[in-house]
Each structure stands twice: as structure tokens, then as C-alpha cells.
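Subject: Handing over the structure

Hello,

I am passing this structure on to you, and I hope you enjoy looking through it.

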Amino acid sequence: MASVPLQDSETAKCIKACMNCSKACMEAIHYLLQQGVSGKQISILQMCVESCQLSSKLMLSDLEFHHQACELSFELSTASAAVCAAYDDPAMERCAEACRHCSETCRGMAGMTVRMQGTAKDLRSSLPSSARL
């Protein structure tokens, strides 16, 4: 079976969307700080930057944890799109668009996320008592 080149894959599209979203959110943070905005809106955008960077790094490293990171990026880019869309400014609209696109691609990548309740507790109980914290 022939492998699909990375540049044509869904993973590559998600990496690019995450990088674009991260850049757009950084620009939006700069813009909002110049406008005197602070607080939760800035925090949401900053966390979106960080989650998108993490998602990109994990996908580039081909680590299976990227699904969970993409789930977080989906949530934060959705919230960031709403923050940016609230401002009537072309730069903020570009941010909202980049965030919406990232949200969609990350939703697809996160689709394989498996939620396991109590995993950390189960792991600790399976360790020898000398290894438990």
C-alpha cells in the first residue's frame, strides 16, 4: 500500500491550521493589548496559542497523544473564534476565520480520542507500593 505524502494528509492540514491559528491568536492578543483589553479574553487566546503549538508538535513528532491535544485545541480555537468575532475589525475577523478553520480540522483529528475514566488511579494501584507517590 502506498503511503500518502505528509503534505497531502489530514494531519498536515491540521498542523498548518494549528500554526495559522496560533499566529492569528498572537496577533489578536497584540491588537487587544494595544486596545487596553485584558483578562479572560487574552487568557483564552493565549491558551489557544499554546494548545495549537502543542498539537502541532505532537503531530509532527507522530506521537499518539496528538488526539488529546487536538481535542483541547478544538475547544480553545472555538472559544477564540468567538472572542475574535466579537470585535468589528478586519484583523480580528481574520483571527476568527483562522480559529474556525483550526477548530474544524482539530475536531477531525480529535475524533479518535478515547476517554478513560480513572486511568491514573488504576495505574497507581497496579504499581508496587514502593513506586507509589
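Does Glu 93 count as buried, partly exposed or exposed? At 33% relative accessibility, Glu 93 counts as partly exposed. Here buried means under 20% relative accessible area, exposed means over 50%, and partly exposed is in between, with a 1.4 Å probe and protein chains only.

Before going further, a word on what you have. This is a predicted model, in which local features need pLDDT of at least 70 and side-chain atom pairs count only at pLDDT 80 or more, while totals for chains, interfaces and linings use all residues. Residues are numbered from 1 along each chain as its sequence is written, and side-chain values use heavy atoms, with hydrogens and water left out.

Let me start with helix α1. Helices are DSSP runs of H or I with at least four residues, and strands are runs of E with at least two, numbered from the N terminus. Helix α1 covers residues 10-34, which is 25 residues. The expected span of a helix is 1.5 Å times one less than its number of residues. For α1 that gives 36 Å, and the end C-alpha atoms are 36 Å apart, which agrees. After the helix comes Gly 36, with a positive phi near 85°.

A disulfide is a covalent bond between the sulfur atoms of two cysteines. The search counts a pair of cysteine sulfur atoms within 2.5 Å, and over the whole structure it finds 0 disulfides. Cys 18 is in no disulfide, the nearest cysteine sulfur being that of Cys 106, 3.5 Å away. Cys 18 is also buried, with a relative accessible area of 0%. Cys 102 is buried as well, at 0%. Its closest cysteine sulfur is in Cys 52, and the 3.6 Å between the two sulfurs is too far for a bond.

Next, two residues of helix α3. Ser 77 lies in this helix and counts as buried, at 0% relative accessibility. A polar atom of the Ser 77 side chain is 3.3 Å from the backbone oxygen of Phe 74. For polar contacts, the rule asks for a pair of N or O atoms within 3.5 Å; within protein, one must be able to donate a hydrogen and the other to accept it, and residues adjacent in sequence count only if both atoms are side-chain atoms. Apart from neighbours within four places in sequence, Ser 77 is in contact with Cys 21, Cys 48, Cys 99, Cys 102 and Ser 103.

A polar atom of the His 66 side chain lies 2.8 Å from the backbone oxygen of Leu 63. Leaving out neighbours within four places in sequence, His 66 touches Leu 58, Met 59 and Met 109.

In helix α2 you will find Lys 57, which is exposed, with a relative accessible area of 55%. Lys 57 and Ile 15 are 42 residues apart in sequence, and their C-alpha atoms are 8.3 Å apart in space.

Finally, the charged pairs. A salt bridge is a side-chain nitrogen of Lys or Arg within 4 Å of a carboxyl oxygen of Asp or Glu, and the count comes to 5 salt bridges. In one of them, Lys 13 meets Glu 10 at 3.5 Å, N to O. These two are 3 residues apart in α1, so they are separated by about one helical turn. Lys 13 is partly exposed, at 43%, and Glu 10 is exposed, at 52%.

Lys 23 and Glu 27 form another, with the closest N and O atoms 2.7 Å apart. Being 4 residues apart in α1, they too are separated by about one helical turn.

That brings us back to Glu 93, which forms a salt bridge with Arg 100, the closest N and O atoms being 3.3 Å apart. Glu 93, Glu 97 and Arg 100 are linked in a network of salt bridges.

Best wishes

Key:
Contact means heavy atoms within 4.5 Å.
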